[in-house]
Amino acid sequence: PAVAPKPPISRALPFEAIPRSSPNAWVNLYQFWRTNSFPNFHHIMQKNFQNLGPIYRETLGTYDSVHLLLPRDAAVLFQTEGIFPRRMGINSWIAHRTLRNHKCGVFLLNGEDWRSDRLILNKEVISPVGTRKFLPFLNTVAEDFAESIHRLIRKNARRSLTVDLYHDLFRFTLEASSYALYGQRLGLLDENPNPESQHFIDTVETMLRTTLPLLFLPPGVMRWVNNKLWRDHMEAWDAIFKHADKCIQNIYQEFCLGQPRKYSGIMAELLLQEEMPLDSIKANMTELTAGSVDTTAMPLLFTLFELARNPQVQTALREEVKAAAVSTRELSKVMNDMPLLKGAIKETLRLYPVGITVQRYPMRDVVLQNYCVPAGTLCQVGLYAMGRSPEVFRDPERYDPSRWTGKEDNSFKALAFGFGSRQCIGRRLAEAEMTLFLMHILRNFKIDTVSKADLKTVYGFILMPEKPPLLTFRPID
Ligand SMILES: C[C@@H](NS(C)(=O)=O)c1cncc(N2C(=O)c3ccc(Cl)cc3C2(C)C)c1
């Protein structure tokens with residue numbers, strides 16, 4: 001019998017054949033600057049995917065990267081990340097550490113240095129055992145926040161409160177994270193919040209805002225291109241390090257005077273373990289403190305808005321929360337009894353991913369969408385575009401937490417915290433803060449909003465609303 005002809009192996013297309021937006025890196029960067037495209041970075045990526053397809057190449061100043069849209073391509077990319085996964089560095093942040101002779105935390109470290117710090121931090125920051133220890137601290141702050149809203153409502157003649165929660169949410173996330181990190185309350189939820197901590201929140205915002213324009217410039221030219229921007233950036237960093245240092249000195253001083261008998265936060269555990277040198281603890285605690293403010297406040301604001309304009313979803317969540325909290329069981333069990341609320345948080349991060357991409361450099365040559373991508377090429381998964389792509393999600397514009405609780409295969413679709421051993425180390429802290437916050441809000445109030453129109457979003461290194469929504473809270477008797 002004749003031998004069946006071998007099917008031709010589909011020859012992967014060369015790297016140069018990947019569709020791309022305009023090829024000239026510096027012209028692109030200039031255009032980006034001139035048209036101030038940074039705030040719209042996520043929308044520009046979405047349009048590029050619509051015009052060029054599920055893979056495209058973009059060169060902007062010093063960086064040349066491949067953008068991916070589909071979960072299956074993200075899966076292939078993550079399989080090539082190796083044991084020291086790497087993402088795009090932030091030159092202006094590294095430049096500051098070098099200038100001030102500070103150590104870097106896990107976000108900026110790579111290779112063996114990253115891995116050794118990360119493995120030590122994992123035990124206290126993201127492991128189930130570590131998370132269980134700081135849960136009660138977060139719950140206390142979430143209860144205090146709900147009480148602070150009741151306090152404001154009692155002051156009003158009408159039994160409701162209409163407010164722009166933007167700044168209050170930053171105070172909540174810093175109060176909650178600082179309590180879990182340092183075991184101390186900052187007093188940000190009191191009637192007149194502590195001004196020093198409020199100043200810290202403002203400097204984190206300034207630092208993030210001034211990071212963006214510096215993002216694609218080589219370190220050498222940054223300070224000459226826009227000196228004021230550079231100086232503001234450095235000053236914000238110095239203030240951030242000063243605040244974190246104060247928190248660290250407080251607990252270190254108490255520590256030398258006598259070790260605490262009971263759990264008093266993540267930093268105390270790191271000091272007790274004596275596995276990490278003090279300057280590394282400081283570098284990592286600074287990242288955890290500054291990284292815990294905006295990143296968690298924004299998704300809370302987006303969730304409250306979506307619950308206000310989707311009353312049926314809000315009611316379904318309220319039922320689930322009431323049922324879960326009925327028996328005063330241990331906190332982590334209550335948390336595991338609210339799948340719909342977990343789905344709501346995933347739904348918020350699908351539509352409003354805080355970090356709009358996840359980046360990796362593959363350790364070996366890889367084929368993506370039938371193109372050859374050489375090892376070491378910067379590859380970015382476009383989370384914002386993926387979350388709103390009808391190819392990936394049915395009815396993508398609909399806020400539907402139940403899409404995450406069914407039997408559907410959602411693998412590599414929930415990437416807002418990244419992936420694998422280098423995923424967000426603050427994930428459990430952020431998820432717990434958001435879950436407990438929403439649980440207490442839903443138990444105490446109905447949330448409403450007048451405007452049902454979509455919120456416009458801007459990218460300022462963190463995805464945030466262009467204009468914060470006005471929300472109305474009415475106590476549930
Ligand atoms: C928004 C998102 N970007 S990402 C990592 O996906 O590209 C993100 C996610 N998780 C944490 C952060 N952080 C901050 O906000 C921040 C501030 C100051 C310092 Cl010293 C360290 C940080 C980190 C990187 C922890 C940022």
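Biologist: Which exposed residues does the face of α2 turned away from its buried side carry?

Modeller: Gln50 and Asn51. Exposed means over 50% relative accessible area, buried means under 20%, and partly exposed is in between, with a 1.4 Å probe and protein chains only. This is a predicted model, in which local features need pLDDT of at least 70 and side-chain atom pairs count only at pLDDT 80 or more, while totals for chains, interfaces and linings use all residues. Residues are numbered from 1 along each chain as its sequence is written, and side-chain values use heavy atoms, with hydrogens and water left out.

Biologist: And which residues in α2 are buried?

Modeller: Phe41, His42, Met45, Gln46, Asn48 and Phe49. They are on the same side of α2, because they cover an arc of only 160° around the axis. That arc is the one of the directions from the helix axis to the C-beta atoms.

Biologist: How far apart are the end C-alpha atoms of α2?

Modeller: They are 16 Å apart, and that agrees with the 16 Å that the twelve residues of α2 (residues 41-52) should span at 1.5 Å a residue. The expected span is 1.5 Å times one less than the number of residues in the helix. Helices here are DSSP runs of H or I with at least four residues, strands are runs of E with at least two, and both are numbered from the N terminus.

Biologist: What follows α2?

Modeller: Gly53, with a positive phi near 105°. Pro54 is in the loop between α2 and β1 (55-60). Pro54 has 24% relative accessibility, so it counts as partly exposed. Its C-alpha atom is separated by 9.1 Å from that of Asp73, 19 residues apart along the chain.

Biologist: Switching to the ligand. Which residues come nearest?

Modeller: Phe107, Trp237, Ala290, Gly291 and Val354, out of 13 residues around the ligand. A residue is near if one of its heavy atoms lies within 4 Å. The protein buries 83% of the 560 Å² that the ligand exposes when taken alone. Those areas come from the Shrake-Rupley method with a 1.4 Å probe; for residues, only the protein chains shown count as cover.

Biologist: Which elements give two or more residues to that shell?

Modeller: α4 (91-100) and α12 (278-290).

Biologist: How many are nonpolar, polar and charged?

Modeller: Eight nonpolar, three polar and two charged. Ala, Val, Leu, Ile, Met, Phe, Trp, Tyr, Cys and Pro count as nonpolar, Asp, Glu, Lys and Arg as charged, and the others, Gly among them, as polar.

Biologist: OK, whole chain now. How many helices and strands does the secondary structure come to?

Modeller: 18 helices and eleven strands. The C-alpha trace spans about 80 × 55 × 50 Å along its principal axes, and 56% of the 477 residues count as buried.

Biologist: What radius of gyration does the protein chain have?

Modeller: 23 Å, which agrees with the value near 23 Å that a compact globule of 477 residues would have. The radius is taken over C-alpha atoms, and the globule rule is 2.2 Å times the number of residues to the power 0.38.

Biologist: How many residues of α18 are buried?

Modeller: 15 of its 18, so α18 is mostly covered.

Biologist: Where does Glu274 lie?

Modeller: In the loop between α11 (266-273) and α12. Glu274 is not a glycine, yet its phi is positive, about 55°. Most residues other than glycine have a negative phi. At 69% relative accessibility, Glu274 counts as exposed.

Biologist: And what phi has Asn370?

Modeller: Also positive, about 65°, and Asn370 is not a glycine either. Its place is in the loop between β5 (366-368) and β6 (371-373). Asn370 is partly exposed, with a relative accessible area of 32%.

Biologist: Last one. Is Met222 buried or exposed?

Modeller: Buried, with a relative accessible area of 0%. Met222 is in helix α9 (residues 219-225). The C-alpha atoms of Met222 and Asn91 are separated by 9.1 Å, with the two residues 131 residues apart along the chain.
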